[in-house]
Amino acid sequence: MKILATVKRVTDPDMKVKIKPDQSGVVTEGVEYKMNSFDEYGVEEAIAIKEEHGGEVVVVSVGPSESTKELRTAMAMGADRAILVETDEDLDSDAVARVLAQIVEREEPDVIVMGKQAVDSDRNQTAQLLASYLDWPQATFAFDVEIGDGWATVGREVDGGTATKRIKLPGIITADLRLNEPRYASLPGIMKAKRKPLDTLTPDELGVDVAPRVEVLKFEAPPEREAGEILDDVDELIDRLKNEANVL
Amino acid sequence: MANVLVVAEHVDGQLRKVTLSAITFAQEAAQLTGGDVEVLVLGSGVDGVAEELSKYGVSRVLYADDAAFQNYLAEYYAPAIVACAQQTNATIVCSPASTTGKDLLPRVAAGLEAGMVSDAIDVFDDGGMKFRRPLWAGNVITTVEVTTPNKVVSVRTTDYDSAEPTGDTAPVESWDAGLESRDDVEFVSFDQVKSERPELTDAEVVVAGGRGLKSGENFEMITALADVLGGGVGATRAAVDSGFVPNDWQIGQTGKVVAPQLYFAIAISGAIQHLAGMKGSQNIVAINKDPDAPIFQVSDYGLVADAFEVVPELTEKLKSVVE
Ligand SMILES: Cc1cc2nc3c(=O)[nH]c(=O)nc-3n(C[C@H](O)[C@H](O)[C@H](O)COP(=O)(O)OP(=O)(O)OC[C@H]3O[C@@H](n4cnc5c(N)ncnc54)[C@H](O)[C@@H]3O)c2cc1C
Ligand SMILES: Nc1ncnc2c1ncn2[C@@H]1O[C@H](COP(=O)(O)O)[C@@H](O)[C@H]1O
């Protein structure tokens, strides 16, 4: 079984992003980056599938040359090789999906595992777009994946409860929170990862026009909420909710 | 004419109220395109949903009644919506940014060769149609333009009031999706968490608990308070991760977004990712034993106290107030 997993390099979610004074983007100096957390679940799942069914895990990232760091991390976890589609532009999800579609054409994976959402751009689109371009079935927001007989049975986190769906492979799965516990890269894993193959391509070489369908014109900070008051006790709280906020 | 098509969401034969917020968004968008707002209902035996939707100031409700739509599958819904948008001259297709909307709309966008805006909070004209959307856990708001003729939008429903009935009713027309069946996808089940409580995203009051509650049993304190106020219950990712409560309760950047009249954050530190899902609430009450907890920087009313002491007291005292 050939498993493709996608990895996006994102700003460290524990750091507060700052907006450039000219509103053209966010400040990148001094910012730390890491693998998108949902992609950690995705890579873990890809490796777990390989451990159960055999095969190969290929990880792909679309982004700047520094993304090799996140790809090496994925290989240190256990992925076999990596592909970087290098671009310094900040692509929209549609462009990423069309780039990935070209990689899929070359690699012909049986299953693709992605994150449900990149926690920088918060779009939650790429996997579904890719599935549509490939005309493959999709199972998003997975918390449980069973593979057998050429199908994946996927438990999904949905509003109001959980849902279960079966997709015939090849198909696309996106990872949600409860899917697994991503493993840490071991020291031998990190050493090994340095020697694993990492190919670099460009969108141009893949013949993909990455001009955005959604153009970002301006970055702004949201309005601040003002801190309110610390109250003395429950009685005061009830009084304020009733007589000031009028919500009781 | 450039119409706006709203894809309705329903569960158990009932319209999901978030659809009414998407209609409000659509009405604002239609003012800019000069077109009509039309609603598409995909389902099986949900005539009631289609009838109900005809009352909210839309021009027409299209109802595709097909057994293939009995249970939601993106692979069936998306091509039907694409076909409908093309046949009805809709240049904008929108739906709530619910889990269904998130799963479905990108597939519609691909089919319509449209750019897609996730979580729109604003649509306006400024030398062409522009949208605003939050990202980076709500730390940044961007203004974006969709460069394609067709546009697909998931609507952050907490930023739009529900559409109101106008007293008129729009025609309901049945519409044939002309579906082709697929052999690569099967619906197995939807396991609904049955609850008497209002849905989180609709509730006027939300009571949420965090890791500081230490166990699932202790969340009974949260549900008891919610029940006195007729509220919904929520939680942080840390509480979900710890296995205290179901994932469906998670509020935040990677969970649900809520904006009730009254939000209680109990034993919640106030991480930016949690704030991303509740900062829009009208009134925020924080109860935390740590006076420096960041949640106090966004709360209107704070109690620096042990939740195990004050929450039961609050619940008891509120019983007589709300009666
Ligand atoms: C990519 C990413 C996405 C994320 N998405 C989300 C998301 O969608 N939603 C979300 O919530 N989080 C999310 N998180 C996690 C988030 O960063 C925080 O870790 C989480 O919100 C913390 O939850 P908490 O406040 O319950 O726990 P903690 O931060 O551990 O806080 C517990 C609080 O309880 C207080 N406390 C303890 N005992 C008591 C007591 N007896 N009485 C009163 N107070 C008490 C403590 O003082 C403390 O402030 C995400 C994180 C990442 C990296
Ligand atoms: N530039 C990228 N490179 C690799 N994978 C990506 C990239 N952008 C998005 N993805 C994948 O798509 C998922 C969803 O991203 P998004 O649709 O942008 O929220 C992420 O979790 C990644 O797995």
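The shell around ligand 2 holds 6 nonpolar, 10 polar and 3 charged residues. Here Ala, Val, Leu, Ile, Met, Phe, Trp, Tyr, Cys and Pro count as nonpolar, Asp, Glu, Lys and Arg as charged, and the others, Gly among them, as polar. This is a predicted model, where local features need pLDDT of at least 70, side-chain atom pairs count only at pLDDT 80 or more, and totals for chains, interfaces and linings use all residues. Residues are numbered from 1 along each chain as its sequence is written, chains are lettered from A and ligands numbered from 1 in the order in which they are written, and side-chain values use heavy atoms, without hydrogens and water.

**The shell**
- Ligand 2 is surrounded by 19 residues (a heavy atom within 4 Å).
- The closest are A:T6, A:D39, A:V62, A:Q125 and A:T126.

**Polar contacts** (pairs of N or O atoms within 3.5 Å)
- A polar backbone atom of A:V62 lies 2.7 Å from a nitrogen atom of ligand 2.
- For A:Q125, a backbone N or O atom is 2.7 Å from an oxygen atom of the ligand.
- A:T126 uses a polar side-chain atom, 2.7 Å from an oxygen atom of ligand 2.

**Cover and elements**
- On its own, ligand 2 has 480 Å² of accessible area, and the protein covers 98% of that (Shrake-Rupley method, 1.4 Å probe).
- Strand 4 (56-63), helix 3 (93-107) and strand 6 (111-115) of chain A each give two or more residues to the shell.
- Strand 4 of chain A gives the most, with 3 residues.
- Helices (H or I, at least four residues) and strands (E, at least two) are DSSP runs, numbered from the N terminus.

**Confidence**
- Chain A has a mean pLDDT of 97 (the predictor's confidence in each residue, from 0 to 100).
- In chain A, 100% of residues reach 70 or more.

Key. A polar contact is a pair of N or O atoms within 3.5 Å; within protein, one must be able to donate a hydrogen and the other to accept it, and residues adjacent in sequence count only if both atoms are side-chain atoms.
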